[in-house]
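Please study the sequence and the structure before reading each solution.

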Amino acid sequence: VAGLQDLAVEVLAPDRPHQPSSWADEAQHLTAALPGQPVTVIAGSNGCSAAVRLTLASPERIERLLLAWPATASDLDIDIRTRRGLSDLGASPQVIDTLLAGQTLRGTTDDDLAAITQPVGVLPCVPENRYHQRRTVDALLRAMPHALELPGCPEPPHPGFPPHAEFFIRTAAKFALM
């Protein structure tokens, strides 16, 4: 946030709900935080699902969408691990099924993705990993008619991210201010 603000990007960073029962519920929560004018939404990993749902729910309020390190969906091994983690946090089987459902991204169909008319930047995880696979980026670029690939980097929890932080901030700011 501070890095974007240093580059004259106005930032609103609402907290995501702690335990949403669906991506649509999370989008509804985030909609309440949107200002009156259209904004650029920057989301990372599973937050990309919430950002897409937000864009679909309030398209007139979203000017651009940056999907950084989109989380891979429909991968049996990842889904098993995620299911276990959500269950350990107390999520019901129904909520878990809802959160894991989707095609290229959780919480969305590829038809949903194709309906997004805003410019979309897709920033891959480089190097890719089990949770942020290259195939997800490729599928997003195919599904979304107004998507373009941005230069990638490791995601923030990765120990390789710090040397790329400034690059990521500049890439995100440039996309937001286009």
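**Exercise 1.** State how much space lies in the largest pocket, and describe its lining.

*Step 1.* The largest pocket holds about 1,100 Å³ of space. A pocket is an open set of points on a 1 Å grid over the protein atoms alone where a 1.4 Å probe fits, with protein on both sides within 12 Å along at least five of seven lines; lining residues have an atom within 4 Å of a point. The volume is the space filled by probe spheres set on the points, which are joined across faces, edges and corners.

*Step 2.* This is a predicted model, in which local features need pLDDT of at least 70 and side-chain atom pairs pLDDT 80 or more, while totals for chains, interfaces and linings use all residues. Residues are numbered from 1 along each chain as its sequence is written, and side-chain values use heavy atoms, without hydrogens and water.

*Step 3.* The lining has 35 residues, and Val11, Leu12, Thr40, Val41 and Ile42 are the closest to the pocket's centre.

*Step 4.* β1 gives the most to this lining, 6 residues; strands are DSSP runs of E, at least two residues long, and helices runs of H or I, at least four, numbered from the N terminus.

**Exercise 2.** Describe the second largest pocket by volume and lining.

*Step 1.* Its volume is about 410 Å³.

*Step 2.* Among its 18 lining residues, His18, Gln19, Pro20, Leu86 and Leu99 lie nearest the centre.

*Step 3.* α5 supplies the largest share of this lining, with 3 residues.

**Exercise 3.** Which residues does Leu65 touch?

*Solution.* Leaving aside residues up to four places away in sequence, Leu65 touches Val41, Ala51, Val52, Thr55, Ile116, Pro119, Val120, Gly121 and Phe175, where contact means heavy atoms within 4.5 Å.
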